[in-house]
Amino acid sequence: MGGEDMTAECYVITGKQRLAGAIRVSGAKNSSLPLMAAALLAEGNSVLWDIPDLADITQMRQVLENLGCRVYLHKDGSWQINAGTVSGFEVDERLMRSMRASNLILGPLVARCGQARIALPGGCAIGSRPMDQHLKGLRDMGVEIKESHGFIEAYAARLQGADIYLDVPSVGATENLMMAAVLARGTTFIHNAAREPEIVDLQNFLNKMGARVRGAGLDVIRIDGVECVHPAEHTVIPDRIEAGTHMVAAVMTQGDIELENVIPEHLEPVIAKLRQIGAMVQVEDDRVRVWHRGTIHPVDIKTMPYPGFPTDMQPQFMSLLSCAEGTSVITETIFENRFQHVDELRRMGANIKAEGRVAVIRGTEKLEGSFVETTDLRAGAALFLAALSAEDVTVLEKVTHIDRGYENLLEKYQALGAKVKRVAHGQA
Ligand code: UD1
């Protein structure tokens with residue numbers, strides 16, 4: 001047993017404050033990570049705007065630096081990544097294992113350098129998360145892959161275009177394979193590709209670099225290989241999961257929140273459920289206003305690949321539906337172990353029964369403040385939201401999980417009127 005982590009920090013949240021006001025949504029973490037990896041494909045300085053200041057981003061920066069890239073964060077907020085100085089094809093094992101998305105460097109690195117060696121990312125709190133689809137696609141492109149002792153080694157003098165059929169529309173595999181195919185000889189088709197907005201964002205950046213990618217956002221992506229690409233400048237799309245989380249906060253606190261820097265189309269499945277629940281949602285260009293008074297109606301939710309309801313919003317909606325007037329059913333189809341927030345929500349008075357991938361939520365009149373623990377990023381967000389609407393004080397432990405995905409969360413919520421502070425472990 002590891003014992004207590006004395007460096008851990010907690011949020012202390014006094015609930016039942018009505019949240020109101022406007023906040024700007026940050027750039028998308030899940031877009032920033034592949035875009036940073038894509039910068040590896042070109043020699044010279046690529047510039048990325050609106051990369052959020054998050055722990056996962058810092059780790060991806062370290063991964064790139066470990067490979068010899070020069071990464072600068074300028075005072076104006078832009079990131080400059082110079083991959084002209086790449087000197088290695090192997091990343092420090094500890095760095096690789098600490099963040100799953102670092103596996104996104106495999107495709108661009110083998111395409112650019114002819115070889116790559118990475119540590120296999122471990123499973124994580126929400127499921128086993130294999131990489132078989134990434135590796136299958138690379139093999140289809142002629143990459144020789146060796147897996148041993150927890151490492152993946154990849155070799156290819158030059159990748160060959162291929163027809164790749166993904167068994168599942170994996171976001172990471174689609175991104176990895178798109179990046180690898182950019183420098184392949186000939187044309188690659190990725191069939192049953194993931195359709196998430198972050199994949200469209202990656203296509204846009206790659207094409208600015210001189211790549212020839214079409215079809216992102218549909219289930220077949222075509223990549224015509226080119227000899228080389230050049231550095232480019234790009235602004236990251238807004239974080240749809242951050243936006244969705246704030247929208248749920250507005251409803252749970254009977255509040256009124258206006259979000260700036262949003263692409264409303266990316267949030268359609270979330271907005272549809274909020275309207276069913278009874279919330280008011282007003283959409284205008286790149287802004288969304290959400291407000292709510294009165295009863296929260298129950299709804300059933302099934303997580304699906306985009307444009308279905310996002311698994312990354314499932315825990316937050318479970319908190320919301322815990323306060324509904326009636327019974328809701330949530331079915332999680334993407335990850336096998338994504339109900340870790342259930343026990344913690346129960347500690348706050350929620351009435352939830354979960355078996356396998358299905359959870360039945362019977363709404364209760366009120367949630368109550370308690371000591372609860374964060375197990376992963378979105379579970380943490382769910383508990384944070386529950387605490388905002390609960391009676392009395394909640395101490396939310398291990399909030400570094402939340403830091404991985406929400407830039408300036410505390411400042412944003414304090415500005416909306418939340419009573420929340422961050423304290424060291426043991427001082428709550
Ligand atoms: C990305 C997101 C994550 C989100 C998830 C699903 C990033 C950095 N993270 O994760 O926030 O929750 O999409 O929307 O963008 N699978 C396989 N074999 C593979 C790859 C995946 O079986 O080779 C399975 C996974 O176990 C999972 C499903 O496919 O059940 C979806 O995973 P995937 O889309 O790959 O998620 P990530 O890209 O890891």
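Me: How many positive and negative side chains does the protein chain have, and how far apart are the centres of the two sets?
Reply: There are 44 positive and 55 negative side chains, with the two centres 1 Å apart. Lys and Arg count as positive, Asp and Glu as negative, while His and the chain ends are not counted. Each charge is placed at NZ of Lys, CZ of Arg, CG of Asp or CD of Glu.

Me: What kind of model is this, and how is it numbered?
Reply: This is a predicted model, in which local features need pLDDT of at least 70, side-chain atom pairs count only at pLDDT 80 or more, and totals for chains, interfaces and linings use all residues. Residues are numbered from 1 along each chain as its sequence is written, and side-chain values use heavy atoms, with hydrogens and water left out.

Me: Which radius of gyration does the chain have, and what would a compact globule have?
Reply: The protein chain has 22 Å, which agrees with the value near 22 Å for a compact globule of 428 residues. The radius is taken over C-alpha atoms, and the globule rule is 2.2 Å times the number of residues to the power 0.38.

Me: How much of the chain is buried?
Reply: Of the 428 residues, 56% count as buried. Buried means under 20% relative accessible area, exposed over 50%, and partly exposed in between (1.4 Å probe, protein chains only).

Me: Changing topic, how many disulfides are there?
Reply: The count is zero, a disulfide being a pair of cysteine sulfur atoms within 2.5 Å.

Me: Where is isoleucine 263, and which residues does it touch?
Reply: Isoleucine 263 sits in the loop between strand E14 (256–260) and helix H9 (268–277). Helices (H or I, at least four residues) and strands (E, at least two) are DSSP runs, numbered from the N terminus. Leaving aside residues up to four places away in sequence, isoleucine 263 touches Ile237 and Pro238, where contact means heavy atoms within 4.5 Å.

Me: And the backbone: which residues does a cis peptide bond join?
Reply: Tyrosine 306 and proline 307 are joined by a cis peptide bond, with omega about 10°. Proline 307 lies in the loop between strand E17 (301–302) and helix H10 (314–321).
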